[in-house]
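Me: I am new to this structure and would like to know what stands behind the terms used for it. Please take them one by one.

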Amino acid sequence: MTANGAPASGTPTATGTPTSATPTAPGAPVPLTLPQGSRGALTGGAALILAGLLVPVAFGRWGSHIGIPGTPIYMSDLLVVGGLALLGLHRVVNGPDRSIRRAPRPVVVASILWGVLVLLGLVRADGPMLLVLRDALPYLYLALAPVIVRVVRTLGTDVVLTWLMRAAVVHTFWYAAAVLGVLPAVRVGFVGVDVFDARGDFDGLVSGIAIVSVLLVAKVPLGWRLMVAGLSGAAVLAQGSRAGLVSAMVVVVVAILASRPFRDERAGPVRLAAVFIAIPLLGAALRAAATADGWARGLERLVAGAVSSDGGSNTTTARIDAWGLVIDHVAAKPSTWWLGEGFGSSYVADSGAIVFLSGDHSVRQPHSILVGWFATGGMVGLAIALAAVTVLTVGALRRLRRGRAETIAAAVQVGVLFSAAVGVILESPFGYMLYVLAVALTYADDAPAGSGDEPGRLQAPLAAPPQPPALAQPAASTQPSASAHLSGPAHPSAHTQPSASARLPGPARPSVSAHPPEEAP
């Protein structure tokens with residue numbers, strides 16, 4: 001070890017290899033990284049998990065049904081399970097990875113609450129084991145949120161955010177083509193539903209993610225970004241799903257408000273005026289577009305509230321009637337009122353609500369996550385779920401303006417919860433996978449502001465003892481000289497003005513910045 005706390009040349013370091021002959025800059029932070037040969041399983045497992053979570057984002061509902069025909073085994077779950085296996089193998093071979101921070105407290109608390117809800121649902125389970133597992137799976141994914149946070153920290157927040165944007169862009173192109181009639185739905189043997197079959201509520205939500213992420217993250221010319229955003233908006237309007245349209249608007253509005261676009265003294269008034277001009281222009285464009293048959297049908301679905309001829313499927317009135325029947329059915333017994341009917345139960349069919357939800361007996365959810373929580377876990381389960389969601393949402397809103405990742409992830413969380421309140425989102429793979437990824441993105445970058453730490457990555461504490469008085473050189477001016485960039489902690493950082501103590505003779509004070517000294521040009 002040298003006098004400044006850095007390992008000497010040839011000494012094994014935290015990376016498992018000897019250092020080079022180049023001495024470490026005095027006071028520079030030493031990253032605690034793993035041996036290079038042991039990071040393959042860690043990085044590979046994290047990449048598999050991310051790929052599994054992004055499959056539904058890129059391909060929507062039909063993407064989440066890619067799997068083995070006739071079985072509940074789907075590709076997205078296989079990718080996640082494979083990634084978890086690699087992470088477990090890495091932990092067994094190398095021990096706990098202490099170079100990555102633990103998940104923040106809100107994520108851990110919410111994970112415990114979701115775990116309690118899983119236990120409650122299993123204790124009250126009533127039905128075939130396959131249905132029990134299917135009902136429990138969303139809560140198991142939500143309980144894995146601390147692991148997903150570590151996955152995001154392993155890969156890097158910017159990397160995950162970029163891949164989320166790419167998945168949303170892929171979704172935009174096939175979704176717009178399908179909605180506008182260019183790409184018809186087809187049947188494929190290894191997909192449980194029709195490929196290119198659009199689902200209005202979730203696909204509209206992902207379109208909102210595409211709009212926000214392309215405008216805030218993409219590093220392509222503005223024209224391309226506006227084209228993708230416009231295509232996403234056109235697809236949402238043509239689809240005609242009110243839940244999808246409002247969910248997309250929630251994501252976009254939350255992201256816009258978080259960026260405070262109107263506070264700019266020069267551009268703020270222009271942007272505000274553009275909003276007021278764009279609203280009537282949008283209304284006129286929609287009215288003009290209603291002359292086309294496809295657009296007319298979509299707009300009619302957006303504004304019409306009448307019950308459809310198939311028994312009220314997908315209408316507000318029908319869903320309210322269905323919710324009332326489910327609530328009355330569960331509240332009929334004190335035991336189910338307090339503890340619910342558990343996983344695997346068929347309360348939608350038993351209550352008669354199936355008549356108002358298309359009449360298809362494969363529909364097992366009441367199209368409202370709140371009613372579903374009450375039916376599954378009773379008042380106790382509903383309180384637990386609301387507590388978990390509240391903890392995560394409050395923490396997300398507090399981090400709303402910390403960066404692009406937090407802004408987009410918080411907007412996605414709010415959008416998913418809104419869409420889940422009036423649809424089958426959080427109970428479905430495409431919904432709970434997106435939600436848990438948004439939670440992980442929100443809480444992954446938990447380093448203190450200005451600490452200099454890489455997000456999610458620990459660094460060794462600075463160990464820079466006072467230098468001899470001869471190394472301290474008085475500054476002749478208030479601007480740091482070129483030598484100040486090379487002399488280490490004996491001089492102030494290039495980002496700040498030198499303090500009075502730095503200009504006085506005597507022992508040099510160690511730098512309080514966690515950033516390494518800048519190199520000379």
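Me: Which helices supply at least two residues each to the lining of the largest cavity?

Reply: In this predicted model, they are helix H3 (105–123) and helix H17 (429–444). H3 gives the most, with four residues.

Me: What makes a residue part of that lining?

Reply: A lining residue has an atom within 4 Å of a cavity point. The residues that line the largest cavity are Val107, Ala110, Ser111, Trp114, Leu142, Ala145, Leu392, Tyr435, Val436 and Val439.

Me: How many cavities are there, and what is the volume of the largest?

Reply: Searching the whole structure gives two cavities of 30 Å³ or more. The largest has a volume of about 40 Å³.

Me: What kinds of residue make up the lining of the largest cavity?

Reply: Nine are nonpolar, one is polar and none is charged.

Me: How do helices H16 and H17 cross?

Reply: The axes of H16 (residues 404–421) and H17 come within 8 Å and cross at roughly 145 degrees. The crossing of H16 with H17 is left-handed. On the H16 side the contact includes Ala405, Glu406, Ala409 and Val416, and on the H17 side it includes Gly431, Leu434, Tyr435 and Val439.

Me: What is the make-up of the contact of H16 with H17?

Reply: The residues of this contact divide into eleven nonpolar, three polar and one charged. Glu406 is in the contact, and Glu counts as charged.

Me: How many aromatic pairs are counted?

Reply: The count comes to eleven aromatic pairs.

Me: Why is the pair of Phe59 and Trp62 called tilted?

Reply: Ring centres must lie within 6.5 Å to pair, and those of Phe59 and Trp62 are 5.3 Å apart. Planes under 30 degrees apart would be stacked and over 60 edge-to-face; the planes here are at 50 degrees, so the pair is tilted.

Me: Where do Phe59 and Trp62 lie?

Reply: Both are in helix H1 (residues 39–64), three residues apart, about one turn of the helix.

Note on methods
Residues are numbered from 1 along each chain as its sequence is written. This is a predicted model: local features need pLDDT of at least 70, side-chain atom pairs count only at pLDDT 80 or more; totals for chains, interfaces and linings use all residues. Side-chain values use heavy atoms; hydrogens and water are left out. On a 1 Å grid over the protein atoms alone, a cavity is a set of points where a 1.4 Å probe fits but cannot get out, and a pocket is an open set with protein on both sides within 12 Å along at least five of seven lines; lining residues have an atom within 4 Å of a point. Grid points are joined across faces, edges and corners, and a volume is the space filled by probe spheres set on the points. Axes are lines fitted to C-alpha atoms, for helices over the stretch in contact, and angles run from 0 to 180 degrees between N-to-C directions. A crossing is left-handed if the near helix is turned anticlockwise from the far one by less than a right angle, and right-handed if clockwise. Contact means heavy atoms within 4.5 Å. Rings of Phe, Tyr and Trp (its six-membered ring) pair if their centres lie within 6.5 Å; planes under 30 degrees apart count as stacked, over 60 as edge-to-face and the rest as tilted.
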